[in-house]
Amino acid sequence: MQREVQIGPVFLGPGNPTRIIAPLTGSTWDALVDEIDNLHGEPIDLAEWRADMWPDPDELASVCSAVVQRCTIPVLATIRTIDEGGRSALDENAYAHSVRKLAALAPCVDVEARWPSSAQIVDDAHNDGSTVIISAHNWELTPSPEEITRQLEQMAALDGDIVKVAYRAHSHADADAIMQAGRWAMSHLDVPTICIGMGEAGVATRLAGPEFGLAATFATVGASSAPGQLPAQQVAHTLRGHAHRAH
Ligand SMILES: O=C1C[C@@](O)(C(=O)O)C[C@@H](O)[C@@H]1O
């Protein structure tokens, strides 16, 4: 049975609707301010600051604290590395060090599962008071259903608070495998999950709703951070429709 997770005033997981997360991708402060201010009035629960889009890794702490301060909703701080489809070229030590800085400032951080020391990075982030999303991305393909559940199990064992996988989906069968994995996780894992299919064929996974273990979904207000993300308004409309049908 999955446990409920809290990020600031926002609850995710069992009993909660799928939360909507909007990425902030600006690489200048002016661009970030515009993006943050545009979130007002949008149906967004959390903002994801993509720290890897910021050009100077030495400035991550000061920009993170400014982003957290300006946002009226909780911030997920993410350093997405090149290997996982982002821009950060940090090595493992520098990555761990930077995540630690962000964890002291933001209520939630993303930790990539692939690092040999990922369990330690999770532990450090928890000690700094942050909620942790453990993530893995495959920009090429969607693995077999068995491989997806195996990966989710391995990631859940890292003791983060939420597990997120994002795979490039090429077909309806891929999208279906991803949604079924989310459903499977509801009864087999103790942490909430976010299972996403990237690209056009994966759009259904971004709208799947809590009945497919989708604790949160990424949707745009301005720029997108991955293929297939839909506008937040559209996602909120569809997910509310799901909620009505469910009752
Ligand atoms: O991990 C994810 C999910 C994502 O890749 C997506 O497909 O919506 C978008 C990223 O910004 C985020 O960090």
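**Strands, helices and cores**

Analyst: L76 stands opposite C108 in β6. Keep in mind that this is a predicted model.

User: Which way do β5 and β6 pair, and over how many bridges?
Analyst: β5 and β6, the latter being residues 108–112, pair in the parallel sense over 2 bridges.

User: What about the side chains of β5, where do they point?
Analyst: The strand covers residues 75–78. V75 and A77 point one way, L76 and T78 the other way. All are buried. In a regular strand the side chains alternate between the two faces of the sheet.

User: How many bridges join β4 to β5?
Analyst: There are 4 bridges, and the strands run parallel. β4 is residues 46–50. E48 stands opposite L76 in β5. W49 has A77 as its bridge partner in β5.

User: What do β4, α2 and β5 make?
Analyst: A right-handed β-α-β unit, with α2 spanning residues 60–70.

User: Is β4 covered on one face or both?
Analyst: Both faces are covered. L46, E48 and R50 sit on one side, with A47 and W49 on the other.

User: What lies on from β4, going to β3?
Analyst: β3, residues 19–24, is joined to β4 by 4 bridges, and the two run parallel. P23 has E48 as its bridge partner in β4. β3, helix α1 (residues 29–38) and β4 make a right-handed β-α-β unit.

User: Back to α2. Which of its residues are buried?
Analyst: L60, V63, C64 and V67 are buried in α2. Seen down the helix axis, the buried residues of α2 fall within an arc of 105 degrees, so they line one face of the helix.

User: Why does spacing like that matter?
Analyst: An α-helix has 3.6 residues a turn, so residues three or four places apart point the same way.

User: What do the buried residues of α2 pack against?
Analyst: They pack against β3, α1, β4, β5 and α3.

User: New topic. How many disulfides are there?
Analyst: A search of the whole structure finds 0 disulfides. C71 is in no disulfide, and the nearest cysteine sulfur, that of C64, is 9.7 Å away. C108 is in no disulfide either, with the nearest cysteine sulfur, again that of C64, 11 Å away. The cut-off for a disulfide is 2.5 Å between the sulfur atoms.

User: Are C71 and C108 buried or exposed?
Analyst: C71 counts as buried because its relative accessibility is 9%, under the 20% cut-off. C108 is buried too, with a relative accessible area of 1%.

User: Which residues touch the most others in the largest nonpolar core?
Analyst: L24, W49, V67, L102, V109 and L152 do, in a core of 59 residues. Helix α6, residues 172–188, gives the largest share of this core, 5 residues.

User: What does L102 touch?
Analyst: Leaving out residues up to four places away in sequence, L102 touches W49, A51, L60, C64, A77, I79 and V109.

User: What about a second core, how many residues does it have?
Analyst: The second core is separate and has 22 residues, including V10, I21, I196 and M198.

User: Now S88. Where is it?
Analyst: S88 is in the loop between β5 and α3. S88 counts as buried because its relative accessibility is 8%.

User: And what does S88 touch?
Analyst: Not counting residues up to four places away in sequence, S88 touches D52, I79, R80, T81 and I82.

User: Last one: A232. Which helix is it in?
Analyst: A232 lies in helix α8, residues 232–246. A232 is buried, with a relative accessible area of 0%.

User: How far apart are A232 and I44 in sequence and in space?
Analyst: They are 188 residues apart in sequence and 7.0 Å apart in space, C-alpha to C-alpha.

User: What does A232 touch?
Analyst: Residues up to four places away in sequence aside, A232 touches I20, E42, P43, I44, A219, T220 and V221.

How values were computed: Residues numbered from 1 in each chain as written. Predicted model: local features only at pLDDT ≥ 70, side-chain atom pairs only at ≥ 80, totals over all residues. Heavy atoms only, no water. Buried < 20%, exposed > 50% of the residue type's maximum accessible area, 1.4 Å probe, protein only. Pairing = 2+ DSSP bridges. Right-handed = clockwise from strand over helix to strand, strands pointing away. Core = buried A, V, L, I, M, F, W, Y, C linked by side-chain atoms within 4.5 Å. Contact = heavy atoms within 4.5 Å. Arc of directions from axis to C-beta.
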